[in-house]
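User: I would like to go through a structure that is new to me. Could we take it step by step?

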Amino acid sequence: MFPLTEENKHVAQLLLSTGTCPRCVYRFCGVDFHAPYKLPYKELLNELQKFLETEKDELILEVPNPPPKKIRLQELEDGIDGIDNLSQNGEGRVSVIEDGSIASKNSNLNVCNVCLGILQEFCEKEFIKKVCQKVEASGFEFTNLVFSVSFPPQLSVREHAAWLLVKQEMGKQSLSLGRNDIVQLKEAYKWITHPLFSEELGVPIDGKSLFEVSVVFAHPETVEDCHFLRAICPDCFKPAKNKQSVFTRMAVMKALNKIKEEDFRKQFPCPPNSPKAVCTVLEIECAHGAVFVAGRYNKYSRNLPQTPWIIDGERKLESSVEELISDHLLAVFKAESFNFSSSGREDVDVRTLGNGRPFAIELVNPHRVHFTSQEIKELQQKINNSSNKIQVRDLQLVTREAIGHMKEGEEEKTKSYSALIWTNKAIQKKDIEFLNGIKDLKIDQKTPLRVLHRRPLAVRTRIIHSMETCYVDEHHFHLYLKTQAGTYIKEFVHGDFGRTKPNIGSLMNVTADILELDVESVDVDWPPALDD
């Protein structure tokens, strides 16, 4: 069933005669169901022309002595109202030929004066195939996709001009047309192209897909269409660091919402001029949303930082926990880059034992994303076989939301440590036994001197939940602590020149220092433990 009614006929003829393509005619006539837009362009144009033949005949009959060959619609004394608003240079004028068909003054191509060819050339099967070829050549693994487009901002100006034209014409018939009554260009484009993409690639279009195919359009010929808005609404066009032009779609829409109709008409033709060329495709890009891998790591070396140790551009140690794990993941997932995070961190000379420390790695723009549990186990084994400095366990794919569990209530979690302590004074076993009875000791820690370059200066209250001691000799003993997460253990032992109070040295009335430190457990129940 043809989507337009007799009520639409006058507006449809007006739009088509002023250089608007059939699909945009449907949009401005409020056709909000998909099927008509999906017809091949030539078929759609023929159907619309047939529907409008009687309207054109009436127009020709209204002329006292119609010329036998062809006449300009603009020259008809009793023709369609609003035609006199065409551009002064005559570009885009159309003619009624003997057979009643509509032809452009430029015989090459009737480029739509509203969508600039978007709903003509760029939603046909030939163009979709070109995009799909680029997608298939990109090497990404995907089972669905989201398709996004970026249109030139001047399209919004041209839509506004066409809307004002149609609104004025309908007003003469006591009808109204709100901007929300027009089918949005992106909506119509989506209706046409989504089924074609699904058919060509064999996967569904899913708005929640992590794999995105984006097409960016430009139209250099009409790039100045927006410029008059800046003079009228300067506050809408403010430079932004990450934007190449102030004429963004959002800025243009903001200005169009503010500008008065009469001011717009003075500055911009209604209907808009017909362009000579269709849009160009600036870029076709494929990108996959990040995937996340989590696990727990043990660190057995006292000469390995958690993250690359680089000072003033110079690397101090050849590797790090982060790199020993991530290098393998980057290669297997074919990702561009990564971000490493963990539940706390240990110093370069501190080991992490027990069940290890939870970590998560965000893999940016991965090309491969589907792995079986067996493949992940093999990847874990590969990491573990590559170095004797670290071991990884419970490696698994997780969601972005799940990573929040690692950070949730981080300071309320507890951590257990073992330390080898040295004292300047000779001690006996009885001199350290009193520490075993201290429970939930509150300490105040001013930001340690050694981390002051990367942490803000503050005093933080932390709790030492429990301590156990094991005498070694008159200058050494082992100290086992369970503390609130975020406690600086080294400073709790030596006092950091009085910046941590109380400390082991002040409690024992000695000068104390820490010789070795191990993290025995990080009490964060994440990620879930896996069977070996």
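User: To start with a detail, where is Asp440 found?
Analyst: Asp440 is found in strand 14, which covers residues 439-446. This is a predicted model, and in it the phi of Asp440 is near 50°, a positive value in a residue other than glycine.

User: Is Phe497 buried or exposed?
Analyst: Phe497 is exposed, as its relative accessible area is 79%.

User: Stepping back, how many helices and strands does the protein chain have?
Analyst: The protein chain has 15 helices and 18 strands. Of its 532 residues, 49% count as buried. Among contacts between residues at least 6 apart in sequence, 76% join residues at least 24 apart.

User: What is the mean pLDDT?
Analyst: The mean pLDDT of the protein chain is 88, and 89% of the residues reach 70 or more.

User: Where does pLDDT stay under 50?
Analyst: That is the case over residues 57-108, for which the model has 80 contacts beyond four places in sequence. Where pLDDT is low, the predicted coordinates should not be read in detail.

User: Now helix 5. Which of its residues are buried?
Analyst: The buried residues of helix 5 are Phe127, Ile128, Val131, Cys132 and Val135. They lie on the same side of helix 5, because they cover an arc of only 135° around the axis. What covers them includes helix 7 (185-201), strand 5 (211-218) and strand 6 (280-288).

User: And what does the face turned away from the buried side carry?
Analyst: That face of helix 5 carries the exposed residues Glu126, Lys130, Gln133, Glu136 and Ala137. Helix 5 is followed by Gly139, whose phi is positive, near 80°.

User: How many residues are in the largest nonpolar core?
Analyst: The largest nonpolar core has 82 residues, and those with the most contacts inside it are Ile118, Leu119, Tyr189, Phe217 and Phe264. A second, separate core has 36 residues, including Ala419, Ile421, Leu435 and Met508.

User: What is Phe217 in contact with?
Analyst: Leaving aside neighbours within four places in sequence, the contacts of Phe217 include Ile118, Phe122, Phe127, Tyr189 and Leu282.

User: How many disulfides does a search of the whole structure find?
Analyst: The search finds zero disulfides. Cys112 has the sulfur of Cys21 as its nearest cysteine sulfur, 3.7 Å away. For Cys115, the nearest is that of Cys112, also 3.7 Å away. Cys112 is buried, with a relative accessible area of 1%, and Cys115 counts as buried at 0%.

User: Last one: what does Leu481 touch?
Analyst: Not counting residues up to four places away in sequence, Leu481 touches Lys415, Ser416, Tyr417, Ile464, Ser466, Met467, Ile489 and Phe492. Leu481 and Lys415 are 66 residues apart in sequence and 8.2 Å apart in space, C-alpha to C-alpha. Leu481 has its place in strand 16 (residues 476-484) and counts as buried at 3% relative accessibility.

Key: Residues are numbered from 1 along each chain as its sequence is written. This is a predicted model: local features need pLDDT of at least 70, side-chain atom pairs count only at pLDDT 80 or more; totals for chains, interfaces and linings use all residues. Side-chain values use heavy atoms; hydrogens and water are left out. Buried means under 20% relative accessible area, exposed over 50%, partly exposed in between (1.4 Å probe, protein chains only). Helices (H or I, at least four residues) and strands (E, at least two) are DSSP runs, numbered from the N terminus. The arc is that of the directions from the helix axis to the C-beta atoms. Contact means heavy atoms within 4.5 Å. pLDDT is the predictor's confidence in each residue, from 0 to 100. A nonpolar core is a set of buried Ala, Val, Leu, Ile, Met, Phe, Trp, Tyr and Cys residues joined through side-chain atoms within 4.5 Å. A disulfide is a pair of cysteine sulfur atoms within 2.5 Å.
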